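Here is a short briefing to read alongside the model. Take a moment with the structure first, and then follow the topics below.

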Amino acid sequence: MPNDHDNNDHDDHEDRTRIVTDEADLNERLGKLEPYLIQISGRETGQMYNLVGNSIKIGRDPTCQIALDDPHVSRVHAELVHQPDGPILLRDMGSTNGICINGKPIKEQLLTDGDKILIGTRLYFKFTYQDAIDQNYQQNLFRAANIDSLTQLYNKKYFVDALAKEFSFSKRQNIPLSLLMIDVDFFKKVNDQHGHLAGDYILKSIGEYLLKHLRQENIACRYGGEEFAVILRGVDQALANRIAERLRLSIEQEVFSFRGTAIPITISAGIASITDASFDTIEDFIRRADENLYHAKELGRNRTVTSQAA
C-alpha cells in the first residue's frame with residue numbers, strides 16, 4: 001500500500017505513459033480478430049476473456065488463466081487448446097458438473113463463432129471473435145456497471161446481486177455464510193482536518209488493503225460512503241470474527257500518509273452469520289450485520305461485534 005502522495009507528479013507521468021502504451025497496443029490490434037469468451041450469466045456477466053495462447057485452463061483454482069468463482073465449477077474444470085490449423089478445442093478435464101455446448105454435453109469439441117457454452121451448472125459463456133475495439137468497449141461497460149471507480153472494489157449493486165445468490169446457495173446446501181460490514185472510524189474528521197482528497201486516499205487505500213488481504217472467493221465491496229462490505233463464503237461466525245479482527249488490527253497498525261502527514265485510521269466491524277441465527281431474507285442478514293456495526297461504534301469504535309449485547 002502506498003504510504004505517501006508526495007510523488008503525485010511521478011504517478012501522473014506513469015499514468016500518462018501507461019495510457020499512451022495502451023493506445024499504441026490498441027492501434028496495433030485494430031482489425032485483428034481474436035478469440036474471446038464472454039460471460040453471459042452469473043456475477044461476472046459481461047466479463048470478457050481473451051483466448052490467445054496455446055493452452056488456457058478454466059476452473060476455481062486461482063492459478064487457472066480463467067478463474068471462475070463458483071462452487072459448481074471444478075478446480076480445473078476445462079482446457080482450451082489452440083489447434084495447429086487455428087481452431088480452438090474445448091476439453092473437459094474430468095469435471096464434476098461437466099460442459100455443454102449449445103445444450104449438448106461434450107467431452108471435447110472444436111469451437112465455432114457464436115457457440116453458447118455452459119461450464120458447470122449455471123455459468124454460460126459465448127465464444128466469439130472480436131477486435132480490440134469491441135473488447136475494450138465490453139470491458140468498460142462491465143467495469144462501469146460493477147466496479148467502484150475510487151476503491152476498485154465491487155459496487156453496491158454487484159454486492160446485493162452476489163449476496164442474494166450466496167444467501168440462497170448457503171440455505172440450500174446448509175453451509176456457513178458470513179457478512180462483514182466495516183466502517184472507517186471518524187471519517188468526517190479526516191475530511192474536515194485533511195481535506196476530501198485525503199479522505200479519498202484513505203478509502204482507496206482500504207480498498208487496496210481488502211483486495212490484497214482477502215481470499216479470492218471472498219467478495220469485498222464498497223457499500224457506500226466510508227462503509228465496506230465483505231461476503232465470506234463458507235465461513236462461520238468464529239472464523240469471521242478472526243478475519244475481521246485481523247483486518248482491524250492490521251489497519252490500526254498501518255501507516256497512512258498523505259502529502260507527508262500521517263493520518264491514524266481505525267475501523268469498526270459488525271458480523272452476521274447464517275450459522276448463528278435464522279434469516280428469512282438478505283435484508284434481515286444485512287440488517288443484523290449493520291446493527292452489530294452500529295453497536296461496535298456505540299461501544300467506542302475500533303472493535304468487532306458479532307452479536308448484540310443482551
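Which residues in helix 3 meet which residues in helix 7? On the helix 3 side they are Phe-159, Val-160, Leu-163, Ala-164 and Phe-167, and they meet Ile-282, Phe-285 and Ile-286 in helix 7. Please keep in mind that this is a predicted model.

**Helix 3 against helix 7**

- By class, this contact has 8 nonpolar residues, with no polar and no charged ones.
- Helix 3 spans residues 156–173, and its axis comes within 10 Å of that of helix 7, with a crossing of roughly 110°.
- Angles of 65 to 115 degrees count as roughly perpendicular, so helix 3 and helix 7 are roughly perpendicular to each other.

**The sheet and its edges**

- Five strands make up an open sheet in the order 13-14-12-17-18, and the pairing is mixed.
- Strand 13 and strand 18 (304–305) are the edge strands, each pairing on one side only.
- Helix 7 (residues 282–298) packs on this sheet and touches strand 12, strand 13, strand 14, strand 17 and strand 18. The direction of helix 7 makes about 145° with that of strand 17.
- Helix 5 (residues 196–213) lies across strand 12 (177–184), strand 13, strand 14 and strand 17 (267–273). Relative to strand 12, helix 5 runs at about 155°.

**A closer look at strand 13 and strand 14**

- Although strand 13 is an edge strand, it is mostly covered: 5 of the 6 residues in 219–224 are buried.
- Strand 13 pairs with strand 14 (residues 227–233) in the antiparallel sense, over 5 bridges.

**Helix 4 against helix 5**

- Helix 4 (residues 187–194) and helix 5 have axes that come within 6 Å and cross at roughly 140°.
- That angle lies between the roughly perpendicular range, 65 to 115 degrees, and the roughly antiparallel one, over 145, so helix 4 and helix 5 are oblique to each other.
- The contact of helix 4 with helix 5 has 5 nonpolar, 4 polar and no charged residues.

Definitions and conventions. Residues numbered from 1 in each chain as written. Predicted model: local features only at pLDDT ≥ 70, side-chain atom pairs only at ≥ 80, totals over all residues. Heavy atoms only, no water. Buried < 20%, exposed > 50% of the residue type's maximum accessible area, 1.4 Å probe, protein only. Helix = DSSP H or I, 4+ residues; strand = E, 2+ residues; numbered from the N terminus. Pairing = 2+ DSSP bridges. Contact = heavy atoms within 4.5 Å. Axes fitted to C-alpha atoms, helices over the stretch in contact; angles between N-to-C directions. Parallel < 35°, antiparallel > 145°, perpendicular 65-115°, else oblique. Nonpolar A, V, L, I, M, F, W, Y, C, P; charged D, E, K, R; others polar.
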